[in-house]
Amino acid sequence: MEHPLLNEQHNLIRESVRDFAEREIKPLAKELDAKQQFSVELTHKMGDIGLFGMVVSEEYGGQGLDYLSYIIAVEEIARVDGSHAATVAAGNSLGLNPIYYFGNEEQKKKYLPDLCSGKKLWGFGLTEPEAGSDSRNSKTTAKLIDGNWVINGSKIFITNASSEISIGSSIQTVSNDENGKKEFTTIIVENGTPGFIAKTMHDKMMWRASNTAELYFDECKVPESNILGKRGDGSKIMLSTLDLGRLSIGAMGLGLAQGAFEMALKYAQERVQFGKPICKQQAIAFKLADMALKIELARNLLYKACWLKDNHKPFEKEAAMSKLYCSEVAKFVADEAVQIHGGYGLMKDYDIERFYRDQRLLQIGEGTSEIQRLVISRYIGC
Amino acid sequence: MKILVCISNVPDTTTKIKFLNNNTTFDSAGVQWIINPWDELALTRAIELKEAHAGAIENITVVNIGPPTTEPTIRKALAIGADNAIRINLDPKDAYSVALQLSEIIKKDSFDIILCGIESSDYNGTSVGGMLSELLDYPSVSAVSFIDIDGDQLKLKREIDGGQEIIGISTPFIGIVQKGIAKDARIPNMRGIMMAKTKPLQVVEPVSTDLYTDFVSFDYPKAKAACKKVDPENVKELVNLLHNEAKVI
């Protein structure tokens, strides 16, 4: 692919991940979606090729790549299947990143090698039944009693937290300081800790082959040393994690749009109505032109945001713009792709049906489109 | 033992082939270049041998004849697992010139196993391996679909009409491999891609050579005729078309 921000290594990563996704994920995606089945085998294969810990340094078992490389990998998985892109994106951005960027040396050495190899997965427990967009309305509490954090509360919609290879989560808690002032602290809780239950959520509309969990804490005790970062830094960790997560959700939107566009174009080239392929009918040709245009713009915006991050420049506004634009392009393109497929697009035999469902999370997860607009508006001085 | 895998840089097999300048120039605009699929399988098998026989295989080198623009393809071979690479700085013109350049490289070093794909997916010449064998006076086996180390020798299998031929051979030799030599081409992992940046890629200048063929131009295959659909109940019409229009009966 010709793009001013891509080098030879980025192109080789794209080619390799595309080959892997086509060979290993595509043949299973439809069946795993239908059965709501999370595949440990495929997750391990994604680990073997190096899709976890992509930006983590090699000393902790990571691949030591730049952010743009990681985003290209997520884009290419999403081009084939949303569920597995979600496992990779959440595994890196939400699972690994908080430990890598805020963990102490002992925590990094303990958890990162297995998470970087894809042998194990980790959750990021932020959202609660009453704390979605208003994440500061968190009700999960952590009290420091006799050298232990005692946690009570619950979390919901937590990716990668309850699969058979999930080993723990980073939990956002309310931990009031000595004066009773509200503060947030992030605490590591390993699966299997007494008082902690991770329960898989079923019957999702989308990402049905990814793992999503509800987490329950009932007088759950973990050592004081399980704190991630500093006491009171929970908000900072959460916001920083979400800034990076926005790039990978953007990549999921871009990849899904690319996959849906390719399906629609192929179908339109083969489907004959009124004596010629429908891509030769202006009504359909113009739809495809609009889809291609939006994908190009989405890619330019997302890659620019990654370039800013990789070059240690402020990227938060562009990350929010990328998440918003790419996810809305995914919605537009998937919708038009179904329209081009006509009645066949409504049948599960065609992958576009799954893509149409999978795109719907992207305008909601890791900050709704409305919250992205709020973030952008603050950056531009509103 | 040291293995040399010869790799060609070819257009992706899904490329729509177009020519320019009165059909005398291949239009490479927008073309995705790949390792020739047979060569990629040969490289995969070489890596499998190195992994299975730790210590027996000391090194895997890949060699390509091409201008600097082929280096991304060579880097991919390094990312897949080759230890080092050689690029002979020449835009190859025909099978003989390719075989001659390769033979000069092999004379300078002592490779035990030399693997070539049975053909390249662009020109499909199927000639380089045999010519290389002749130029070096090395034994060669063509259409190899299996290779393994068996004591001091190598055990090969090749497809023959109605079955397989099993061959034992000593080194050095040239294996001209076909599909089946490895199940699937290996996909580079992220660590391999990172490491490929720092693996040695030596550029050598070509030896001078005469060309024995004279390229004139390319030609497109005849366009497929439009398809006619006949009602399955209408056998008369079918026979009539086959007889009078297609003239095949």
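**View 1. Charges across chain B.** In this predicted model, the mean position of the 26 positive charges of chain B lies 7 Å from the mean position of its 33 negative charges. Chain B exposes about 13700 Å² in total, and carbon and sulfur atoms account for 51% of that area.

**View 2. The fold of chain B.** Of the 249 residues in chain B, 43% are buried. Now look at who touches whom: among contacts in chain B between residues at least 6 apart in sequence, 71% link residues at least 24 apart.

**View 3. Where chain A meets chain B.** Here 21 residues from chain A come into contact with 17 residues from chain B. On the chain A side, A:E8, A:L12 and A:R23 are the ones to pick out, as they lose the most area to chain B. Together these three residues supply 31% of what the chain A side buries. The area buried between the two chains is about 1600 Å², with 59% of it coming from carbon and sulfur atoms.

**View 4. A salt bridge between the chains.** Two salt bridges are counted between chain A and chain B. Zoom in on the side chains of B:K76 and A:E15, which form a salt bridge with an N to O distance of 2.8 Å.

Key: Residues numbered from 1 in each chain as written. Chains lettered and ligands numbered in written order. Predicted model: local features only at pLDDT ≥ 70, side-chain atom pairs only at ≥ 80, totals over all residues. Heavy atoms only, no water. Buried < 20%, exposed > 50% of the residue type's maximum accessible area, 1.4 Å probe, protein only. Contact = heavy atoms within 4.5 Å. Areas by Shrake-Rupley, 256 points an atom, 1.4 Å probe, with all protein chains shown as cover. Lys, Arg positive; Asp, Glu negative; His and termini not counted. Charge placed at Lys NZ, Arg CZ, Asp CG, Glu CD. Buried area = accessible area lost by both parts, 1.4 Å probe. Salt bridge = Lys/Arg side-chain N within 4 Å of Asp/Glu carboxyl O.
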